[in-house]
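The following account leads through selected features of a predicted model. Please consult the sequence and the structure alongside the text.

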Amino acid sequence: SSPGSAAGRPSGAAEVAQRISDPSYYGALCLLVDEAGFLIDAKASALIAQLPPSEGQLVAAEAIVRSLGVADGPAFDALIDALSVNGGAGTADRAALSSSGAAHASPPVLVHPGEALQRLKQFVEAEAGIADHPSGTAGSAAAGGSGRSPAAAAASSTVRPSLGGALAVGLMGAGAFKGQVVSMRAAEKEKKYWERLTKAVSDKELRVLGRLEGQLGSYHGLLLRRS
């Protein structure tokens, strides 16, 4: 492309922000927050929790998108494709719809939440291949499939934090992490159940039952004396 056309193209951050604000991606962003929220650090999570729910959801989604190293529109499209059952709309179609402003891409059909983390792991590995081999055969093919030139893929690697390393490990361990969370929630529910069970009879009812027991004992003694 010519320098003039490159100068007129929105920046990568603007492309990502435009797509995040697109209502057709809201469901995918919610899935991302629900299944990959562990990628947000505790301090940021505490700040996000203070926001209104709708705003907090978008801020959390943006934080996760950034942590995944998504730095431009085509990378965001690749992320949405990774979370879609059949890959969703083509990258070129999504880019055309987003740039035209005339219509939005139709909402993608999302994968089951239980499959989302595996899809994200595959996305991370694919993006790492583009960043690590921007001029190689595999890198060129991957970059072409995502709508990026090798130069753009190489540039985005400077802001993508170790996609093939820490994030991949974190995503692989997310299943165990979620299992621990489920176990902790189950243990907490069981604890609350037994606490409620110990309070099933109030103090007032206990006093009434105590009196009834005493009266029954007296009546039993009376019957024994008359027998």
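Does Tyr-193 count as buried, partly exposed or exposed, and at what relative accessibility? Tyr-193 counts as partly exposed because its relative accessibility is 42%; buried means under 20% relative accessible area, exposed over 50%, and partly exposed in between, with a 1.4 Å probe and protein chains only. Trp-194, with a relative accessible area of 48%, is partly exposed.

The model is predicted: local features need pLDDT of at least 70, side-chain atom pairs count only at pLDDT 80 or more, and totals for chains, interfaces and linings use all residues. Residues are numbered from 1 along each chain as its sequence is written, and side-chain values use heavy atoms, with hydrogens and water left out.

Two aromatic pairs are found in a search of the whole structure. Rings of Phe, Tyr and Trp (its six-membered ring) pair if their centres lie within 6.5 Å; planes under 30 degrees apart count as stacked, over 60 as edge-to-face and the rest as tilted. The ring centres of Tyr-25 and Phe-76 are 5.3 Å apart and the planes stand at 75°, so this pair is edge-to-face. The pair links distant parts of the chain, 51 residues apart: Tyr-25 lies in the loop between α2 and α3 (26-36), Phe-76 in helix α6 (residues 73-82). Helices (H or I, at least four residues) are DSSP runs, numbered from the N terminus. Tyr-25 counts as buried because its relative accessibility is 0%, and Phe-76 is likewise buried at 0%. Tyr-193 and Trp-194 also form an edge-to-face aromatic pair, 5.2 Å centre to centre with 75° between the planes.

Methods
Helix = DSSP H or I, 4+ residues; strand = E, 2+ residues; numbered from the N terminus.
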